[in-house]
Amino acid sequence: MIVESYEDIVILSGSLNANYWETMHTAISLTLKRHQSGVIIDCSGLTHATPEGAETFHDAMAFINQHEHARILVAAVPEQVMAVLREVPDVRSQLAVASSVEEARASLDFLEAERQGRKPKSVLKRWDTYILACLCPNVFDEHVMLVTKELVSTITAKVVVLIPIVVPRELPIQAPMPEIEKRARTFAECVEDLLSNANVSHEIRLERSRDFVGLVHELSEEINANHVILGLPNTGDSGPADLKMVSSVLEKVSRPLMLVRGTKTTS
């Protein structure tokens, strides 16, 4: 197998018929020094793989997990190679796969936005009042932000906007979710414009999680939120999943809570 590196990409080609971690180690280490958010492994040049070769990715994931906030994404995996990777339990359940290098890079960019959002804002002044505005998981409704803007027009407060990406349990937590990530980035830009134009002090948090309710609880406690605004889907009648989510939020989040559902969309 041949290993090459270029910018944030490690390129593999040839036959993955043995554990080549020692060969890949240097390339991944150097790539991480240049791009701390993670590494993309381009597998489009692989022609063959064996279960022994798939162990290469197991060792690579173990190494990358030692680097806080970093990810490893494999991209453009040929189907015959992917079939072998699926046979190795730890690799199958933990390896994040993107359909292309471009998709993987967009997901790494999203991770960097998440990481930047979690940086301590030590230079910012402390506020007496904090409002946590939570978008519905994977559904980004402007109505929540309009209500939030109306609320802060009557009080002096800092708004922390939670834009969550909820990853299904059958996928690795770091798995790319290109359509949702793209919509989340676009919505974050809209929120930035809306609140900046209204002169509202704010912070946008892009967060990836499996547990939305737990995420809301943790963030509300982290910022000591005075109010929590929770967006609900604007699909009309609430289904069992929506009612279960609201019930869980009411049970777990002890802060004053406001539920907001936008106007139902019609076709």
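Biologist: Which residue in β5 is the bridge partner of Val 74?

Modeller: Val 97. This is a predicted model, where local features need pLDDT of at least 70, side-chain atom pairs count only at pLDDT 80 or more, and totals for chains, interfaces and linings use all residues. Residues are numbered from 1 along each chain as its sequence is written, and side-chain values use heavy atoms, leaving out hydrogens and water.

Biologist: How many bridges join β4 to β5?

Modeller: Two strands pair if DSSP finds at least two bridges between them. Here three bridges join β4 to β5 (residues 96–98), and the two run parallel. Strands (E, at least two residues) and helices (H or I, at least four) are DSSP runs, numbered from the N terminus.

Biologist: And how many join β3 to β4?

Modeller: Five, again parallel, with β3 spanning residues 38–49. The chain goes from β3 through α2 to β4, a right-handed β-α-β crossover (clockwise from the first strand over the helix to the second, with the strands pointing away from the viewer).

Biologist: Which residues of β4 lie on each side?

Modeller: In a regular strand the side chains alternate between the two faces of the sheet. In β4, Arg 71, Leu 73 and Ala 75 take one side, Ile 72 and Val 74 the other, and all are buried (under 20% relative accessible area, 1.4 Å probe, protein chains only).

Key:
Buried means under 20% relative accessible area, exposed over 50%, partly exposed in between (1.4 Å probe, protein chains only).
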